[in-house]
Amino acid sequence: MTQHKFKLKRDDTVQIIAGKDKGKRGKILKIIRDKDRVVVEGANIVKKAMKRKSQQDRGGIVELEAPIHISNVMIVCKKCGPTRIGYKLDGDTKVRVCKKCGEAL
């Protein structure tokens, strides 16, 4: 499988634009490049049966965030809300900018 390059990074605040958690906002915790998916904090919560790994570790059913397809999330600009990402050259560095207002993300 080919690995894709994404404009989103870890710790970006994103909004979910499709699916059962539509409208929710959260930080990106993890990016899974080979499957084009992201794990968003507090979104797409699923229950999973976990086995005990150690004596102190509690097994049972735990709730954790499942990955969502990257096409179902949009970065959030502080000024104008969910937006797409563009790039501008600032001197010799490439900066991600909001497509709506042009502010650096």
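The paragraphs below go through strand pairing, the nonpolar core, cysteines, salt bridges and backbone angles in a predicted model. In this predicted model, local features need pLDDT of at least 70 and side-chain atom pairs count only at pLDDT 80 or more, while totals for chains, interfaces and linings use all residues. Residues are numbered from 1 along each chain as its sequence is written, and side-chain values use heavy atoms, with hydrogens and water left out.

Strands are DSSP runs of E with at least two residues, numbered from the N terminus. Two of them count as paired if DSSP finds at least two bridges between them. Strand β2 (residues 25–32) and strand β3 (residues 37–40) run antiparallel and are joined by four bridges. Within this pair, Lys30 stands opposite Val39.

A second hairpin is made by β9 and β10, with two residues between the strands. Strand β9 (residues 85–90) pairs with β10 in the antiparallel sense over six bridges. Ile85 stands opposite Cys98 in β10. Gly91, in the turn of this hairpin, has a positive phi of about 70 degrees.

Most residues other than glycine have a negative phi. Asp36, in the loop between β2 and β3, has a phi near 55 degrees. Asn44, in the loop between β3 and β4, also has a positive phi, of about 55 degrees. For accessibility, buried means under 20% relative accessible area, exposed means over 50%, and partly exposed lies in between, using a 1.4 Å probe and protein chains only. Asp36 is buried at 18%, and Asn44 is buried at 16%.

The next topic is the nonpolar core. A nonpolar core is a set of buried Ala, Val, Leu, Ile, Met, Phe, Trp, Tyr and Cys residues joined through side-chain atoms within 4.5 Å. In soluble globular proteins, nonpolar side chains tend to be buried together. The largest core in this model has 14 residues, of which Leu8, Val14, Ile28, Val38, Val40, Ile70 and Val73 touch the most other members. Two or more residues come from each of β1 (13–16), β2, β3 and β7 (73–77). Leaving aside neighbours within four places in sequence, the contacts of Val14 include Leu8, Ile28, Val40 and Val73. Lys24, Arg25 and Gly26 are also among the contacts of Val14, as are Met74, Ile75 and Val76.

How many disulfides are there? With a disulfide taken as a pair of cysteine sulfur atoms within 2.5 Å, the count is zero. The sulfur of Cys80 has its closest cysteine sulfur in Cys98, at 3.4 Å, which is too far for a bond. Cys80 is partly exposed, with a relative accessible area of 27%, whereas Cys98 is buried at 2%.

Charged side chains make four salt bridges, each being a side-chain nitrogen of Lys or Arg within 4 Å of a carboxyl oxygen of Asp or Glu. One of them joins Arg96 and Asp12, at 2.9 Å from N to O. Because Arg96 lies in strand β10 (residues 93–98) and Asp12 in the segment before β1, this pair ties together parts that are 84 residues apart in sequence. Both partners are buried: Arg96 has a relative accessibility of 11%, and Asp12 a relative accessible area of 9%.

Another salt bridge is formed by Lys47 and Glu63, at 3.7 Å from N to O. Lys47 is in strand β4 (residues 45–50) and Glu63 in strand β5 (residues 60–65), so the pair ties together parts that are 16 residues apart in sequence. Lys47 and Glu63 are both exposed.

Lys79 and Glu103 also form a salt bridge, with the closest N and O atoms 3.0 Å apart. This pair links distant parts of the chain, 24 residues apart: Lys79 is in the loop between β7 and β8 (81–83), and Glu103 is in the segment after β10. Lys79 is exposed at 61% relative accessible area, and Glu103 is partly exposed at 31%.

Methods. Contact means heavy atoms within 4.5 Å.
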